[in-house]
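Open the structure in your viewer and keep the sequence panel beside it. This tour goes from one selection to the next and says what is found at each.

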Amino acid sequence: MKRIRCAGLVKIDGKFALMHRTNVEKTEGEPNKPYGEYYVFPGGGLEGEESMFEATERELLEEMGIIVKAKKELYYKGISESQDEYLFECDYISGEFGTGTGPEFSNDPAYKHRGNFTPELIEPENIENIRLLPVEFREQLIQDIRDKKL
């Protein structure tokens, strides 16, 4: 079964909500997994019978502590035969940014190799200065910012 990762792009006070990953350990047997320090769009895997919009909204609540409304698909990337990734534009509805309660924040030793997860708000003009993954989404986002689409 193909894994579908749904992520959200949401602005709060004119800044993009991203997940800053630090101290991510290199994973044996997975040479293409990113490690070190980087940013990602908050999101995760589709669960059960939920739609991609519902998965995006759930993941932003779990990871960022905010309620959002997923509006439209922005970008798509076929990662492999077994995984696809989608990025959805979202509207911020409510909630206190940075109060996520997902398993990433549980201090569970099973997540130790995955490093630290820190929600951050990034100014649009600073997107070019950070390591934001996936690279294809970063490049599209930078172009959309320049074209004043986002």
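Start by selecting Glu89, which lies in strand 6. Keep in mind that this is a predicted model. Is Glu89 buried or exposed? Its relative accessibility is 16%, and the cut-off for buried is under 20%, so Glu89 counts as buried. Now show its surroundings: leaving aside residues up to four places away in sequence, Glu89 touches Leu9, Lys69, Ala70, Lys71, Lys72, Leu74 and Leu150.

Next, colour the strands beside it. Strand 6 covers residues 83–95 and pairs with strand 1, residues 3–12, in the parallel sense over eight bridges. In this pairing Leu9 stands opposite Glu89. Then select strand 5, residues 66–80, which runs antiparallel to strand 6 and is joined to it by 12 bridges. Here Glu89 is the bridge partner of Lys72. Follow the chain from strand 5 to strand 6 and you pass through a hairpin of two residues.

Move on to Ile66. Which residues touch the most other members of the largest nonpolar core? They are Val10, Ile66 and Val68, in a core of 20 residues. Strand 1, strand 2 (15–24), strand 3 (36–40), helix 1 (52–64), strand 5 and strand 6 each give two or more residues to this core. Strand 1 gives the most, with four. Not counting residues up to four places away in sequence, the contacts of Ile66 include Val10, Ile12, Leu60, Leu61 and Tyr92. Another core, of 17 residues, lies apart from the largest one; among its members are Phe41, Leu74, Phe137 and Ile142.

In soluble globular proteins, nonpolar side chains tend to be buried together.

Now display the aromatic rings. How many aromatic pairs does the structure hold? There are five. Select Tyr75 and Phe137: their pair is tilted, at 5.7 Å centre to centre and with 45 degrees between the planes. Tyr75 is in strand 5 and Phe137 in helix 2 (residues 135–146), so the pair links parts of the chain 62 residues apart. Tyr75 counts as buried at 4% relative accessibility, and Phe137 counts as buried at 0%.

For the last stop, select Tyr86 and Phe88. Their ring centres are 6.3 Å apart and their planes are at 25 degrees, so this pair is stacked. Tyr86 is buried, with a relative accessible area of 14%, and Phe88 is buried too, at 1%.

Conventions: Residues are numbered from 1 along each chain as its sequence is written. This is a predicted model: local features need pLDDT of at least 70, side-chain atom pairs count only at pLDDT 80 or more; totals for chains, interfaces and linings use all residues. Side-chain values use heavy atoms; hydrogens and water are left out. Two strands pair if DSSP finds at least two bridges between them. A nonpolar core is a set of buried Ala, Val, Leu, Ile, Met, Phe, Trp, Tyr and Cys residues joined through side-chain atoms within 4.5 Å. Buried means under 20% relative accessible area, exposed over 50%, partly exposed in between (1.4 Å probe, protein chains only). Contact means heavy atoms within 4.5 Å. Rings of Phe, Tyr and Trp (its six-membered ring) pair if their centres lie within 6.5 Å; planes under 30 degrees apart count as stacked, over 60 as edge-to-face and the rest as tilted.
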